Amino acid sequence: MGRIFITGSSDGLGLMAAKRLVSNGHTVYLHARNAKRADDARKACPGAADVLLGDLSSIPETKELAKSITNLGPLDCIFHNAGLYLGPYRAQAEGYPSVFAVNVLAPYILTCLVPLPKRLIYTSSEDHWHGSTDLTDFGWRERGAPRFSASSAYADTKIYNTMFGYAFARKFGPKGVTAHSVDPGWVPTKMGGPGAPGNLKESERLYVMLAEGSGEAEGKNGCFWEPRHKGPAHSKKESYDEKAQEALLKKLEEVTGITVPN
């Protein structure tokens, strides 16, 4: 059985997958951004081994979370599920919109600072098809709140998440680490809303399969997944560009001061 950590698992699809993984016999660690949500998560998934705290919109708190994850010891999977969707700019301490901090800076920081697990999973979205790999005004900080487009910013973060799956599969594959990105679909969670047409159970199945490295995911690396396909799917053409992936990682190194481990 595996040892699995899931960010953003105090509710929604992350919590659903965690409960299923616990029932499958795995040791599962949850994540919540504050103590109240951690208490809710413990009540909803009493079989979880622990709940780690950290506000992923804060770079210092994300670094502290990395220390807490490291203290857990070796992990089989880290599932980067936490994410923000549409909303106002909500600048965090470094001036970036919170959607960018949570969806992009946090998974990058955790990937770089936590000892590598066997599997890395990054949550993307169908909206990645509308995202841009142009790194001019990376993170929307220059345009700021007056020119902020929540939908465009979110789409950009999701193509970056898709690129993480490819880039880290390429970099860490020789170390025996697999990495993937996954579009969970438009499903009726708090983020998706009650009218979302997607099949929540199928998205849960996909999450569990990737966390376990089982089923169609067994033996595969560097793939993009979505509920409508039983095997790997295709992502936006630009996300496969290795030069663009390297430019993204270089930019994130400049922003955070943290380098990708060799």
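How many helices and how many strands does the secondary structure of the chain come to? Seven helices and seven strands, taken as DSSP runs numbered from the N terminus (helices H or I, at least four residues; strands E, at least two).

Ground rules, quickly. This is a predicted model, where local features need pLDDT of at least 70, side-chain atom pairs count only at pLDDT 80 or more, and totals for chains, interfaces and linings use all residues. Residues are numbered from 1 along each chain as its sequence is written, and side-chain values use heavy atoms, with hydrogens and water left out.

The overall picture. From the N terminus, the elements run β-α-β-α-β-α-β-α-β-α-β-α-β-α. The C-alpha trace spans about 45 × 40 × 40 Å along its principal axes. Of the 262 residues, 54% count as buried, meaning under 20% relative accessible area, with exposed over 50% and partly exposed in between (1.4 Å probe, protein chains only).

Now helix H2, residues 35-44. Its buried residues are Arg37, Ala38 and Ala41. Down the axis of H2, these fall within an arc of 105 degrees, so they line one face of the helix. That arc is of the directions from the helix axis to the C-beta atoms. In general, an α-helix has 3.6 residues a turn, so residues three or four places apart point the same way.

What covers the buried residues of H2? The cover includes strand S2 (27-32) and strand S3 (50-53); contact means heavy atoms within 4.5 Å. The face turned away from the buried side carries exposed Lys36 and Lys43.

Last, the N-terminal end of H2. Asn34 caps it, with a side-chain oxygen 3.3 Å from the backbone nitrogen of Lys36.

Methods. A polar contact is a pair of N or O atoms within 3.5 Å; within protein, one must be able to donate a hydrogen and the other to accept it, and residues adjacent in sequence count only if both atoms are side-chain atoms.
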